[in-house]
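Visitor: I am new to reading protein structures. Could you walk me through some features, one by one?

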Amino acid sequence: MSQDESVDSKSEQIAQEIRDAIRQGRLERGVLYSSRELGERFGASRTPVREALLKLADLGLVRIERNRGARVLGQDGRGIVDLCSLRVLLEPPACRSAAAVLTSRDDAELREQYDIMAATADGSAEYFAADERLHDLILRASGNRRLAKFVAELRQTLSLDGRYSVPKYQSVETALGDHKAIIDALRARDGVAAERAMRIHLVRSGDLLVAHSSEDNRGLVAEWRRWVSISVPAGEQIVY
């Protein structure tokens with residue numbers, strides 16, 4: 001592994017650890033942290049910490065303050081609309097692509113993750129870990145690893161402050177039904193149905209996340225619905 005690859009790998013690890021720390025409350029919103037402090041906390045030198053902070057700044061999770069460090073921001077309603085819109089534009093077509101190349105081994109792995117979700121249908125950390133793996137399997141099967149990595153970051157960012165749509169705003173049964181429809185379409189190698197099922201799932205979840213993103217969210221809801229309308233092919237209606 002080259003030096004550049006080593007730094008990049010370390011920065012990805014540090015970025016993940018910082019996201020986890022924000023999610024768990026070990027790094028507080030609004031607080032300014034110096035690069036040296038973060039390096040000591042996560043056992044890293046200045047370069048990978050700086051690269052990790054730049055990645056998180058691109059996601060809107062921190063704000064870099066020159067010669068001072070990074071201030072933890074988290075996501076507001078505006079950020080949630082941005083993230084949900086990106087997912088609904090990217091994941092459904094990737095799901096359609098995956099349907100054309102999935103193998104029986106992929107089918108078994110998808111079913112395994114779904115069974116974990118069904119067995120832990122309580123919105124626990126295990127449930128969401130299986131949910132993330134299921135989506136990641138589909139995205140990686142599509143053949144676009146950059147897309148899989150990008151969407152994984154979007155999902156992690158959306159979950160930072162507990163804004164999971166399940167079970168806070170949506171029943172686990174509904175979410176399981178959405179995932180079963182996606183898996184059934186993929187197993188049938190029906191790309192159009194798989195794309196539609198993924199879109200329905202993401203729009204349903206996005207509706208709830210955006211609706212609960214702030215007290216005065218009418219403008220945000222309108223913008224989210226505009227992106228939904230753009231994502232839906234002509235002649236198709238989102239019915240759920």
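Visitor: Let me start with two residues, Tyr127 and Phe128: are they buried or exposed?

Guide: In this predicted model, Tyr127 is buried, and Phe128 is buried as well.

Visitor: How many aromatic pairs does the rule count?

Guide: The count comes to one aromatic pair. The ring centres of Tyr127 and Phe128 are 5.2 Å apart and the ring planes meet at 85°, so this pair is edge-to-face. The cut-off behind that step is an angle over 60 degrees. As a general idea, a pair of aromatic rings is described by the distance of the centres and the angle of the planes.

Visitor: Which ring does the charged end of Arg226 sit over?

Guide: That is the ring of Trp227, with the charged end of Arg226 lying 5.4 Å from the ring centre.

Visitor: Now the whole chain, please. Into which domains is the chain divided?

Guide: There is domain 1, covering 3–72, and domain 2, covering 77–231. Their C-alpha centres lie 27 Å apart. Eight residues from domain 1 and eight residues from domain 2 take part in the contact.

Visitor: What is the area buried between domain 1 and domain 2?

Guide: Here is the general idea first: the size of an interface is often given as the accessible area lost when the parts come together. For domain 1 and domain 2, the buried area is about 840 Å², and carbon and sulfur atoms give 49% of it. On the domain 1 side, Arg19, Arg23 and Leu59 supply 56% of the area buried against domain 2, more than any other three residues.

Visitor: How many salt bridges does the rule find across the interface of domain 1 and domain 2?

Guide: The rule finds one salt bridge across that interface. Glu12 forms a salt bridge with Lys149, and their closest N and O atoms are 2.8 Å apart. The rule also finds one residue pair in polar contact across the interface of domain 1 and domain 2.

Conventions: Residues are numbered from 1 along each chain as its sequence is written. This is a predicted model: local features need pLDDT of at least 70, side-chain atom pairs count only at pLDDT 80 or more; totals for chains, interfaces and linings use all residues. Side-chain values use heavy atoms; hydrogens and water are left out. Rings of Phe, Tyr and Trp (its six-membered ring) pair if their centres lie within 6.5 Å; planes under 30 degrees apart count as stacked, over 60 as edge-to-face and the rest as tilted. Buried means under 20% relative accessible area, exposed over 50%, partly exposed in between (1.4 Å probe, protein chains only). A charge sits over a ring if NZ of Lys or CZ of Arg is within 6 Å of the ring centre and within 35 degrees of the ring normal. Domain bounds come from an automatic or database domain assignment. Contact means heavy atoms within 4.5 Å. Buried area is the accessible area (1.4 Å probe) that two parts lose on being put together, summed over both. A salt bridge is a side-chain nitrogen of Lys or Arg within 4 Å of a carboxyl oxygen of Asp or Glu. A polar contact is a pair of N or O atoms within 3.5 Å; within protein, one must be able to donate a hydrogen and the other to accept it, and residues adjacent in sequence count only if both atoms are side-chain atoms.
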